[in-house]
Amino acid sequence: MNGPLAGLRGIVLTQAWAGSYCTSLLGLMGADVVQIEVRMRPDSWRGAYDGPLPARLKDVPTAEHPWNCNFLYNSVNLNKRCITLDLQKPAGIETFRRLLPFADFVAENFSPRVLGNLGIDYEAMKAIKPDVILCSLSAYGHSGPWANVPGIGGTIEPTSGMSALLGYPGEAPLNSGQMYPDAVAGLNAFGAIIAAIHHRNCTGEGQYIDLSMQEANLTFAAEAAMEYLRTGRQRPRMGNRHPAFAPHGIYRCSGTEQWVAVACESEADWVAFKAALGSPGTLDVPEFATNAARKANEDALDREIAALTVVLTREAAVAAFQGAGLAAAPVLDAAEVANAPGLRAREMVVEVTHPETGTWPQAAAPWRYSRSGRPPVRPAPRLGEHTLEVLAELIGTIHEEYDALVAAGVSGTGPPD
Amino acid sequence: MPSPALEGIRVLDLSESASGAWCTRMLADFGARVLMVEPPGGHPLRAEAPFDGEARSIPAQVFLANKESIVLDVASPDGRAAALALGARCDIVVSSFAPGRLAELRLTFDAFRSPSLVMTHVTPYGMTGPLANERGNELTVAARSGWASINGDAANAPLRPWGHQVAMCTGAAAYAATLGANVHRDSHPGEGQEVDVAQLDVMVSTFAPALLRGQYTGAAGKRRESADLLAGPVPVADGHFALTISRAHFWRDAMYTLGLPDLAEDPRWEASWYRQQHKDEYVDRVQQAMRGWAKSDLFEELAARRVVAGPVLTMEELRANEHLNARGYWTEAGGEPFPGPPYRMSGTPWAVHNPIPAPGAHGEGWDA
């Protein structure tokens, strides 16, 4: 079986992370996702046409085109086909209109004005495909005074309340290590589209989904929102700490950048924790005797624990804590995640072969079905790789017609001529 | 009033984690009827800090809203039998039990004897693999997924995402994956199945760009060395502000706005990768110029020039935010204000009808 969405198709105009991630997840669930890109304005996650190749691709002879070799683009566009169409040219938009009847869903993350300017807003799409599902992901949604304010993950993080919540105790607000609001928007739009498909299956009706990245992220901050609504308090930044339990942290181990994460969620955990560290006297003091006391003296507690873990290897610390039945884990970096046995065993990380970049481990679909299966993971498409294939399959385009589109600057591959 | 997208779907929620609870909260918000099975001591989230002035758990008010509640000790023969009978009458069962515990409780998919059932497992490390029965939580999943290795700053420890972000991401993915099984059932009537969604897998999925960056470059990403403007918010006159510049015209217009025309006009700074590599030549000057601005003035000025930028907003500011209020984001449940929907579906409503239920308040009418 090839995934629960096998037989469904998206014709999508997604780019960067949020939109591309959403539609890649739909592809990983079995939908045929046809992504439309424009040669004149390549997806920002493909990078500039003359951008540098990543270090380890410089000696890969097939890695010829930087725009097909960007780790950003290639990480979030698995299981798609890519066609190029310049929708600002009459032949481009006409081709889009002919493709649309073959789409169950459309997704896009342009600025709100773009679809209307192209003459393909939801009403226009509905006129062509009455039960179409259109999902728009935008910075601030398609209505309201900020509708046309531009935004990206790095600016939605502060304006959704997220940055004010992320950081170390008593220190400045932070953005996440990557543009987390995009992932949040992508995950939400993904579920929204499937819910809309189910609704269409039941009723025959399509619909329009307006996802504001600000709102999707604010809803993910609902705990802090609720705390403000009920108590008037702005939740403080807590670092790795837990509002109720201590210890709850990431502690340095011996060696360079070696860290262990460990949490105690009960008094029994605390007893096991101390035993795992060899029952040191520094922890067996009244200041740490109860959870309330540990919370009240958490700075001192974390210092004493760090003094104990720093002499252990990360592996020894994890083994001791897990052996004691605690929630504990090593802090893995990207290289270690790529090779983590648990992730390989579950085929969450798999080797993906890309025609230009070669074979590299990548994150696959984060679910498994007992009946529907998971379709094979296919690499991110090269720019315009599938144009003729898709146009021939869906609307019967022949070689000469494709050549004419290329000659008119509507389609093709690589930088504009 | 149009019908919600998931009208007619019945869900038995056996989960005892925030991840499972967010999945079923979304199912309920979009129209499914969700019966939450609480252990005799109540759902664990009810005991989780922080609390409001009436000693109600804040996380519980978020995660458990919009559901019905029945109290069952599923470890007892009667409780188990009741759970199985209820589950067999539902379309979807959501569980957060690790595989060992699930087998011990004899609440596996097969035990429900309902081939059309969709049973979704939401666990820290999944139902298979070497970690399946290990304890895990927000902290350990952040550590194992790679997230902590690039989050925070280099002078401090690796940093987990705040609060229950792992649970929210996992719940949203589990919601989608559950509905995927539902769509399969739309086209294959009577075909239920099990869906296995791991917190770790979901966070690895959201870590995908950094994961592949580490492969292509040969250098795993690190935490930021300094809190400069390329990394996120920096101080302004009345708070913090993110000026995350990507395109060339953002740079040009932002530099003019900040009164730094020489930076605006120098063509070297047009390329994003060049700005990244030579940031030491300008970040101090730009940040110095930003300190003179109030965050809302700078946001307004830059927005008018269509430059991406964002002030760090607190919940107090977001509650009063004109844009969110114009869109009607904030809502109400049980006569109290409530955070709103993650997105709007034009044909099918989202709603929080009920705040958190009292334990065991429901269960009537579920045996039909």
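In this predicted model, helix H1 (residues 18–28) of chain A and helix H7 (residues 180–203) of chain A have axes that come within 8 Å and cross at roughly 45 degrees. As for the handedness, H1(A) passes H7(A) in a right-handed crossing.

Which residues of H1(A) and H7(A) meet? On the H1(A) side they are Ala18(A), Tyr21(A), Cys22(A), Leu25(A) and Leu26(A). Facing them in H7(A) are Asp182(A), Ala183(A), Ala185(A), Gly186(A), Leu187(A), Ala189(A), Phe190(A), Ile193(A) and Ile194(A). Sorted by class, this contact of H1(A) with H7(A) comes out as 12 nonpolar residues, 1 polar and 1 charged.

Now for chain A as a whole. It holds 17 helices and 12 strands, and its C-alpha atoms fill a box of roughly 80 × 55 × 45 Å along the principal axes. Of the 417 residues in chain A, 62% are buried. Take the contacts in chain A with a separation of 6 or more: 69% of them are made by residues 24 or more positions apart.

Chain A is also divided into two parts, and domain 1 comes in two pieces of sequence, 9–220 and 346–407, while domain 2 covers 248–331. The centres of domain 1 of chain A and domain 2 of chain A, taken over C-alpha atoms, are separated by 43 Å.

Over in chain B, another helix pair is worth a look. Helix H8 (residues 199–206) of chain B packs against helix H9 (residues 208–217) of chain B at an angle of about 65 degrees, and their axes are 4 Å apart. H8(B) brings Val204(B), Ser205(B) and Thr206(B) to the contact, and H9(B) brings Ala208(B), Pro209(B) and Leu211(B). By class, the contact of H8(B) with H9(B) has 4 nonpolar residues, 2 polar and no charged.

Is H8(B) itself enclosed or open? Here 8 of the 8 residues of H8(B) are buried, so this helix is largely enclosed by the rest of the structure. The buried residues of H8(B) include Gln199(B), Leu200(B), Asp201(B), Val202(B) and Met203(B). Val204(B), Ser205(B) and Thr206(B) are buried too, and these three also take part in the contact with H9(B).

Notes. Residues are numbered from 1 along each chain as its sequence is written. Chains are lettered from A and ligands numbered from 1 in the order in which they are written. This is a predicted model: local features need pLDDT of at least 70, side-chain atom pairs count only at pLDDT 80 or more; totals for chains, interfaces and linings use all residues. Side-chain values use heavy atoms; hydrogens and water are left out. Domain bounds come from an automatic or database domain assignment. Axes are lines fitted to C-alpha atoms, for helices over the stretch in contact, and angles run from 0 to 180 degrees between N-to-C directions. Helices (H or I, at least four residues) and strands (E, at least two) are DSSP runs, numbered from the N terminus. Contact means heavy atoms within 4.5 Å. Ala, Val, Leu, Ile, Met, Phe, Trp, Tyr, Cys and Pro count as nonpolar, Asp, Glu, Lys and Arg as charged, and the others, Gly among them, as polar. A crossing is left-handed if the near helix is turned anticlockwise from the far one by less than a right angle, and right-handed if clockwise. Buried means under 20% relative accessible area, exposed over 50%, partly exposed in between (1.4 Å probe, protein chains only).
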